[in-house]
Amino acid sequence: MGAFLTLLSLSGIAGAQEVFDLSPGQPARVRAQKNDAAIAAIAKDFTFVSPGKFTVAVSSGGPPLATYATDAKTVVGADPDYASAIADSLGLELELVPVAWIDWPLGLVSGKYDAVISNVGVTEQRKEKFDFSTYRQGLHGFFVKSDSAIGAIREPKDTAGLRIIVGAGTNQERILLRWNDDNIGAGLKPLELQYYDDDAAGLLALASGRADVIVQPHAQLVYIAARDHTIKRVGTLSAGWPDRSDVAITTRKGSGLADALTVATNGLIESGVYAKNLDHWHLSEEALPKSETNPPGLPKS
């Protein structure tokens with residue numbers, strides 16, 4: 001994510017703020033009503049870190065999911081807005097705790113916060129230590145130059161013969177290698193996967209015509225598209241392809257909070273607050289039809 005953040009020039013930030021409000025006050029934040037069913041689903045022996053507050057860890061990895069606002073100290077984005085709506089549902093005040101991504105597991109286990117809402121994907125390995133309440137699909141995005149003739153990428157054959165920028169060792173690379181095998185097996189042209197040291201170099205390769213497609217986590221590319229106006233989405237790819245892989249609120253294993261958070265999320269879906277939050281951050285493609293507690297996750301590697 002560090003390379004992604006270095007791309008934010010002053011002019012780029014100004015352009016993106018025409019689409020994304022990164023002010024600390026967040027006047028357009030959608031609030032939710034208290035959900036009595038969610039409150040009743042909290043285990044009787046569960047104790048919140050701070051009475052009357054829902055203490056949530058979030059990593060400011062980059063917009064639109066979570067980033068520092070224009071005051072350089074307030075964390076804003078889709079995940080903080082969602083955390084706010086969950087706190088409203090539980091009748092609590094939100095207490096956001098900015099953390100480094102690498103630190104959230106230890107902090108959660110040691111009881112520094114009640115939950116983590118920071119784009120954490122459900123995996124079978126993580127389920128051994130944590131409980132999950134899903135709230136978004138984990139998606140990668142296929143993006144091309146704004147004037148590209150490529151109209152849509154939905155399945156392996158749509159990528160045959162294309163030059164695709166992807167991160168080495170990433171989940172999306174793993175999936176694309178499988179797609180390449182499928183294409184070769186079907187007698188189609190192979191993919192050409194391209195690797196660059198940082199996002200700026202990859203975007204330059206796309207802009208100059210040396211590559212056809214860039215594949216990264218969907219939310220990152222949504223922000224770049226809004227900032228630069230030079231790329232467009234032509235498809236999405238589940239992180240768990242061929243199955244769906246979801247992002248979830250993460251809580252301590254067996255703490256007794258996960259089911260309540262699932263009920264709260266489903267209440268937000270039913271009320272429309274959930275859809276409004278995702279639409280506000282241009283992430284409607286990542287919407288879930290319903291939240292689940294501890295669904296199947298990415299298998300152990």
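pLDDT is the predictor's confidence in each residue, from 0 to 100. The structure is a predicted model, in which local features need pLDDT of at least 70, side-chain atom pairs count only at pLDDT 80 or more, and totals for chains, interfaces and linings use all residues. Residues are numbered from 1 along each chain as its sequence is written, and side-chain values use heavy atoms, with hydrogens and water left out.

The protein has an average pLDDT of 93. A score of at least 70 is reached by 94% of the residues. Over residues 1-15, pLDDT stays under 50. The model has 25 contacts (heavy atoms within 4.5 Å) beyond four places in sequence for residues 1-15. Where pLDDT is low, the predicted coordinates should not be read in detail.

Helices (H or I, at least four residues) and strands (E, at least two) are DSSP runs, numbered from the N terminus. Helix α4 spans residues 78-89, and helix α10 spans residues 273-280. Their axes, lines fitted to C-alpha atoms over the stretch in contact, come within 9 Å and cross at roughly 160 degrees. Angles run from 0 to 180 degrees between N-to-C directions. The two helices, α4 and α10, are therefore roughly antiparallel to each other (an angle over 145 degrees). A78, D81, Y82 and A85 in α4 meet V273, N277 and H280 in α10.

Strand β12 covers residues 246-252 and includes T251. T251 has 0% relative accessibility and therefore counts as buried (under 20% relative accessible area, 1.4 Å probe, protein chains only). Leaving aside residues up to four places away in sequence, T251 touches L108, D114, A115, F130, D131, L257, A258 and L261.

How values were computed
Parallel < 35°, antiparallel > 145°, perpendicular 65-115°, else oblique. Buried < 20%, exposed > 50% of the residue type's maximum accessible area, 1.4 Å probe, protein only.
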